[in-house]
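Visitor: I'd like to learn how to read a fold like this one. Could you walk me through it?

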Amino acid sequence: MIKDNIYKESVELLRSMIAIPSFSRSEDGTADLLGSYLADHGIDYRRYGNNIVAFSRDFDPSRKSVLLNSHHDTVKPNTGYTRDPFEPAIENGRLYGLGSNDAGASVVSLAAAFRMLNEGAGHRLNLILALTAEEEVSGKNGIESVLPHLGEIDLAIVGEPTGMNPAIAERGLMVVDCVSHGRGGHAARGEGDNAIYHAIEAIERIRTHRFDRISPYLGETKMSVTVIEGGTQHNVIPATCKYVVDVRMSECYTHQELLETIRELCGGDAEARSMRLRPSHISPSHPFIRLAVERCLECFGSPTISDQALISAPSVKIGPGDSARSHSADEYVTLESIEQAIDIYTDLIDNYIKE
């Protein structure tokens with residue numbers, strides 16, 4: 001009966017979340033809601049900006065901790081919606097609404113697991129629940145701002161739609177601004193040295209480059225030129241041409257290694273905008289992953305970026321829903337998947353922390 005009540009309360013919590021717009025950097029409404037939800041169930045919490053954090057009742061700073069993290073911010077609804085994105089309608093076992101799948105279902109399922117496990121005793125590890133903001137924009141006022149308040153983390157469980165299969169590797173991201181240089185001149189007289197031509201040569205080297213180290217779960221590190229800008233008017237040979245390289249990396253390379261490779265390939269200036277979004281990887285032999293495999297869950301590598309990229313502790317991405325439905329029109333999550341997620345989270349975490 002207790003489990004049934006928590007499941008029903010979790011669905012109603014998610015419906016309430018959907019009804020409150022919570023675009024990245026404007027999540028105060030859902031932060032208020034989540035804080036009230038925890039307080040109503042006797043759980044003390046701390047609020048850092050729009051991030052809600054709760055510690056298990058028997059928390060002991062001398063012990064290591066398991067972090068349960070998911071995000072309550074959303075992207076803006078795309079133009080393909082045929083439904084009101086803020087109307088939490090239930091039809092044929094599906095709960096519709098913006099953020100239902102990404103990642104509201106993970107938020108309420110992790111909160112439910114925390115509630116159930118918080119009543120237990122005798123665990124050798126602490127539990128920390130962090131329901132955070134700004135994930136969709138990798139903002140500095142999300143999980144990154146909260147981590148210094150949490151102490152040592154033994155394992156982070158990051159709730160994102162994976163069909164409750166554990167993503168044990170996740171790509172990192174680096175965006176690189178490149179500039180090819182030439183010399184300006186008059187097009188009619190054939191003067192100058194066209195920077196666009198230098199950029200074309202560099203872009204072709206980038207396009208055809210293959211990295212040697214191959215991740216067993218993520219495959220090759222990939223890079224794509226996604227933006228180019230050169231020239232000011234038709235009769236002037238451009239002295240510079242700018243372009244942007246989008247790099248999706250595996251755990252096999254560091255940001256610095258990849259940046260040096262791009263510098264060699266472009267033959268000009270190349271600067272990374274940021275090196276914050278690191279690739280993630282956890283060993284298949286990690287006790288939590290072994291438990292998941294024993295329960296017939298399938299490990300995989302995820303091409304999408306989450307708050308894992310900002311967490312330095314060992315981490316696994318696992319949650320209810322389907323990644324393909326994230327950011328899609330008429331987003332939904334099945335009610336069955338929420339109930340299953342609560343069961344799976346509770347089982348895996350409880351058995352892991354009792355080892």
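This is a predicted model: local features need pLDDT of at least 70, side-chain atom pairs count only at pLDDT 80 or more; totals for chains, interfaces and linings use all residues.

Visitor: What secondary structure does the chain have, and what does it span along its principal axes?

Guide: There are 8 helices and 18 strands, and the C-alpha trace spans about 85 × 45 × 35 Å. Of the 355 residues, 51% count as buried. Take contacts between residues at least 6 apart in sequence: 80% of them join residues at least 24 apart.

Visitor: How do I read a sheet, say the one with β4, β5 and β18?

Guide: In general, strands of a sheet pair through backbone hydrogen bonds, either parallel or antiparallel. Here the sheet is open, with the order β4-β5-β18 and antiparallel pairing. β4 (90–91) and β18 (332–334) are the edge strands, each pairing on one side only. Between β4 and β5 (residues 94–96) there are 2 bridges, and Ile 90 sits opposite Leu 95 of β5.

Visitor: Which helices lie across β5 and β18?

Guide: Helix α3 (residues 100–118) does, at about 45 degrees to β18. Helix α8 (residues 335–353) lies across β4 as well as β5 and β18, and runs at about 60 degrees to β18.

Visitor: And is His 234 buried or exposed?

Guide: The cut-off for exposed is over 50% relative accessible area. His 234 has 76%, so it counts as exposed. You'll find His 234 in the loop between β11 (222–230) and β12 (236–237). From Leu 13, His 234 is 221 residues away in sequence and 58 Å away in space, C-alpha to C-alpha.

How values were computed:
Residues are numbered from 1 along each chain as its sequence is written. Side-chain values use heavy atoms; hydrogens and water are left out. Helices (H or I, at least four residues) and strands (E, at least two) are DSSP runs, numbered from the N terminus. Buried means under 20% relative accessible area, exposed over 50%, partly exposed in between (1.4 Å probe, protein chains only). Contact means heavy atoms within 4.5 Å. Two strands pair if DSSP finds at least two bridges between them. Axes are lines fitted to C-alpha atoms, for helices over the stretch in contact, and angles run from 0 to 180 degrees between N-to-C directions.
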